[in-house]
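Here is a short report on how one protein chain packs.

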Amino acid sequence: WGDIAGGQAEFHLRRGLYRERAGELALAVADYEACMAPETRTYNEQMATVRPLLGLARVALARGRLDDATERIEAALNHQPRDPEALLAAATLYQAKSLTASLDGFASDYVAAFGEQPELFVTLAELSVDQGRPAAARRYLDRSVVDAESARVMMLKARTLLLEGDLNGCR
């Protein structure tokens with residue numbers, strides 16, 4: 001397939017994901033970098049920017065290179081500040097760097113850099129739910145300006161209610 005689709009960012013991204021999962025990290029890096037090469041074609045800018053940058057960040061984390069991962073994630077956010085995967089990676093890494101770091105600190109830094117984006121608080125609510133912190137999740141959902149009826153927000157509200165033990169409210 002490389003002969004047919006080798007010039008497409010989507011091909012390199014998919015192959016990079018496969019190779020990453022197979023543990024072939026050097027080959028995955030080559031594919032992710034090929035996504036961003038000037039001669040690579042794509043109809044979706046994210047396939048040549050955010051997605052391969054996040055792939056390179058995952059590989060850097062797998063290799064124990066926290067600074068490199070941070071740099072790649074920040075680059076992905078600079079390309080698309082509202083990308084949920086990039087936001088989740090950035091917020092998680094922010095917390096991992098300091099056990100005392102709060103998501104509020106990340107939110108402040110993010111808003112200073114990119115302004116208030118609707119996806120920010122939904123992503124922080126999602127991370128709070130995953131960490132078993134329903135009060136924080138509720139606070140972030142209240143700050144969110146994303147459509148309250150979206151499937152993602154409604155699922156987060158239900159998960160928050162479940163964490164609080166409100167089985168009737170999450171129906």
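The largest nonpolar core holds 31 residues. A nonpolar core is a set of buried Ala, Val, Leu, Ile, Met, Phe, Trp, Tyr and Cys residues joined through side-chain atoms within 4.5 Å. Buried means under 20% relative accessible area, exposed over 50%, partly exposed in between (1.4 Å probe, protein chains only). Phe106, Leu120, Leu124 and Tyr140 have the most contacts inside this core. H8 gives the largest share, 7 residues. Helices are DSSP runs (H or I, at least four residues), numbered from the N terminus.

This is a predicted model: local features need pLDDT of at least 70, side-chain atom pairs count only at pLDDT 80 or more, and totals for chains, interfaces and linings use all residues. Residues are numbered from 1 along each chain as its sequence is written, and side-chain values use heavy atoms, with hydrogens and water left out.

A second, separate core has 10 residues, among them Leu17, Ala28, Val29 and Tyr32.

Two residues show their contacts below (heavy atoms within 4.5 Å), not counting residues up to four places away in sequence.

| Residue | Touches |
|---|---|
| Tyr140 | Leu103, Asp104, Phe121, Leu124, Ala125 and Ser128 |
| Thr49 | Met36 and His79 |

Thr49 lies in the loop between helix H3 (25–35) and H4. Thr49 counts as buried because its relative accessibility is 11%.

Which residues line the largest pocket nearest its centre? They are Glu74, Leu77, Ala90, Tyr94 and Phe106, from a lining of 14 residues. A pocket is an open set of points on a 1 Å grid over the protein atoms alone, where a 1.4 Å probe fits, with protein on both sides within 12 Å along at least five of seven lines; lining residues have an atom within 4 Å of a point. H5, H6 and H7 each give two or more residues to this lining.
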